[in-house]
Amino acid sequence: MPKDTLMAHSLSSNTLNNATKFSHHSIQGHHHSIQGVERFADKGKLRWAMSTGCLLDPHSPAARYGSKAVFKRPILGCGMLVGPRGNTLVMPDLHLPYQHQDALDFLWALHKHYKFQRVLNVGDIFDHHRPSFHESETDAMNSEDEFEKALADSKELQGMFPDMTITIGNHDAIPVRQAKAVGLPLGMLSDFNKVYGLKSTWKWVDQHWFDSWGSYPIVVPMVLKANGRWDGNILRVK
């Protein structure tokens, strides 16, 4: 079957433009305040574009950069492709270790219901807040604690989803950019699995083409209660 879908960390902030200008389906993350699927049809083809939202804790120091922008509030949730040939989980930006405290439970609840045959991730699994070129928040974890917590969280995530294809996000790549800035060999940091002690079953790529299996693209919100915790429910379409 043809590879009819492109996943990349970021294409553009306008999902409808993505659906309109490409001759294929597309999936992206990066834009935390955008979640949805839009479709465009011409005389020859119907194509869709998905933005996944994120699972970043909106109250964490890592999310504070956009906290005063009314229309930049993170939309929590993820994406899925659901169809008779099998289901695919499309994991959003997690920004470990600053993910929402219920993010992994939410993803696992979806997996238990939909039994995903394939797991994809749009990137920014890691936040790398301290080593970023941007100014760090003073109440963020120190560099060592942030790394150790991200290490533990990523190993837990890999235990849940051992096989995954990830399109490298701008936050994932921060250590590589920092290494280049000070003249370190990129081989020291460019293998993310080695840096975090992960198994090689996670595949990191710049972009990922795949067969959508003719599935229906769906975005799934993670609904929060008044206390900020996940309400424990998931969208069930079958």
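Contact, as the word is used in these legends, means heavy atoms within 4.5 Å. The model is predicted, so local features need pLDDT of at least 70 and side-chain atom pairs count only at pLDDT 80 or more, while totals for chains, interfaces and linings use all residues. Residues are numbered from 1 along each chain as its sequence is written, and side-chain values use heavy atoms, with hydrogens and water left out.

View 1. Not counting residues up to four places away in sequence, F106 touches L55, G77, C78, V220, P221, M222, W230 and I234. A nonpolar core is a set of buried Ala, Val, Leu, Ile, Met, Phe, Trp, Tyr and Cys residues joined through side-chain atoms within 4.5 Å, where buried means under 20% relative accessible area, exposed over 50% and partly exposed in between (1.4 Å probe, protein chains only). The largest such core has 44 residues, of which M91, F106, L107 and L110 touch the most other members. At least two residues of this core come from each of β5, β6, α2, α3 (143-160), β8, β9 (202-205) and β11 (216-221); helices (H or I, at least four residues) and strands (E, at least two) are DSSP runs, numbered from the N terminus. Helix α2 gives the most to this core, with seven residues. A second, separate core of 10 residues includes I27, W48, L81 and L120. In soluble globular proteins, nonpolar side chains tend to be buried together.

View 2. C78 lies in strand β5, which spans residues 77-82, and with a relative accessible area of 0% C78 is buried. Leaving aside neighbours within four places in sequence, C78 is in contact with Q35, T52, L89, V90, P92, F106, L107, L110, I218, V219 and V220. The C-alpha atoms of C78 and T52 are 5.0 Å apart in space, although these two residues are 26 residues apart in sequence.

View 3. Two strands are taken to pair if DSSP finds at least two bridges between them. The open sheet of six strands has the order β9-β8-β7-β6-β5-β11, with mixed pairing, and its edge strands, β9 and β11, each pair on one side only. From one strand to the next, the twist averages 20°, with axes being lines fitted to C-alpha atoms (for helices over the stretch in contact) and angles running from 0 to 180 degrees between N-to-C directions. Strands β5 and β11 pair in the antiparallel sense over six bridges, and the bridge partner of G79 in β11 is V219. Helix α2 packs on the sheet, where it touches β5, β6 and β11, and its direction makes about 15° with that of β5.

View 4. Strand β6 (residues 88-91) pairs with β7 in the parallel sense over four bridges, and T88 has R118 as its bridge partner in β7. Strand β8 (residues 164-167) runs parallel to β7 and is joined to β7 by two bridges, with I166 in β8 as the bridge partner of N121. Together β6, helix α2 (residues 103-114) and β7 make a right-handed β-α-β unit; a crossover is right-handed if, with the strands pointing away from the viewer, the path from the first strand over the helix to the second runs clockwise.

View 5. In strand β4 (residues 46-52), six of the seven residues are buried. Strand β3 (residues 35-41) pairs with β4 in the antiparallel sense over seven bridges, and a hairpin joins β3 to β4 through four residues. The bridge partner of A41 in β4 is L46. Strand β2 (residues 25-28) pairs with β4 in the parallel sense over three bridges, with S51 in β4 as the bridge partner of Q28.

**View 6. The aromatic pair F126 and W204.** Rings of Phe, Tyr and Trp (its six-membered ring) pair if their centres lie within 6.5 Å, and planes under 30 degrees apart count as stacked, over 60 as edge-to-face and the rest as tilted. Eight aromatic pairs are found in a search of the whole structure. The rings of F126 and W204 have their centres 6.3 Å apart and their planes at 15°, so this pair is stacked. Because F126 lies in the loop between β7 and α3 and W204 in strand β9, the pair ties together parts that are 78 residues apart in sequence. F126 counts as buried at 0% relative accessibility, and W204 is buried with a relative accessible area of 15%. Ring pairs link F126, F147, F192, Y196, W202 and W204 into a cluster.
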